[in-house]
Amino acid sequence: KDQCVVRSKDGSEISSIEVFSSIGTLVLAQTPNGSEVRLDTSTLPSGVYHLSVSGPVIGHISSRICVTP
């Protein structure tokens, strides 16, 4: 509960993850260096966030996530 799990489909390394608020403020960042990351979203208010994922093989991927109570 209160987690967002990010994993690469092919096991590629994820080197950084950033979560931004709807106004562009960085609210969460991790440098996991693994193929799966669990983000603790329990401190984030409900809303839509921009997720930015980077890695040497996967390049840069972005998506939206919704955080609900």
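Thr-25 is partly exposed, because its relative accessible area is 41% and partly exposed means the range between buried, under 20% relative accessible area, and exposed, over 50%, with a 1.4 Å probe and protein chains only. The model in which this value was computed is a predicted one, so that local features need pLDDT of at least 70 and side-chain atom pairs count only at pLDDT 80 or more, while totals for chains, interfaces and linings use all residues. Residues are numbered from 1 along each chain as its sequence is written, and side-chain values use heavy atoms, with hydrogens and water left out.

Thr-25 lies in the loop between strand S2 and strand S3 (26-30), where helices (H or I, at least four residues) and strands (E, at least two) are DSSP runs numbered from the N terminus. Leaving aside residues up to four places away in sequence, Thr-25 touches Val-19 and Phe-20, a contact being heavy atoms within 4.5 Å. The C-alpha atom of Thr-25 is separated by 9.8 Å from that of Tyr-49, and these two residues are 24 apart along the chain.

From this loop we can turn to the strands on either side. S2 and S3 form a hairpin with five residues between them, and Gly-24 in the turn has a positive phi of about 95 degrees. The two strands pair in the antiparallel sense over four bridges, pairing being assigned if DSSP finds at least two bridges between two strands. Within this pair, Val-19 stands opposite Leu-28 in S3. Further along, Asn-33 lies in the loop between S3 and strand S4 (36-40), and its phi is near 50 degrees, a positive value in a residue other than glycine. Most residues other than glycine have a negative phi.

S5 in turn pairs with strand S6 (residues 59-67) in the antiparallel sense over nine bridges, with Ser-62 in S6 as the bridge partner of Ser-52, and a hairpin joins S5 to S6 through three residues.

What does the chain look like as a whole? It has zero helices and six strands. Its radius of gyration, taken over C-alpha atoms, is 12 Å, close to the 11 Å that the globule rule gives for 69 residues, so the chain is as compact as a globular protein of that length; the rule itself is 2.2 Å times the number of residues to the power 0.38. Along its principal axes the C-alpha trace spans about 30 × 25 × 15 Å, and 30% of the 69 residues count as buried. Among contacts between residues at least 6 apart in sequence, 43% join residues at least 24 apart.

Finally, we come to the largest pocket, which holds about 180 Å³ of space. On a 1 Å grid over the protein atoms alone, a pocket is an open set of points where a 1.4 Å probe fits, with protein on both sides within 12 Å along at least five of seven lines, and lining residues have an atom within 4 Å of a point. The lining includes Val-6, Asp-10, Leu-51 and Ile-61. The largest share of this lining, three residues, comes from S6.

Technical notes
Points joined across faces, edges and corners; volume = space filled by probe spheres on them.
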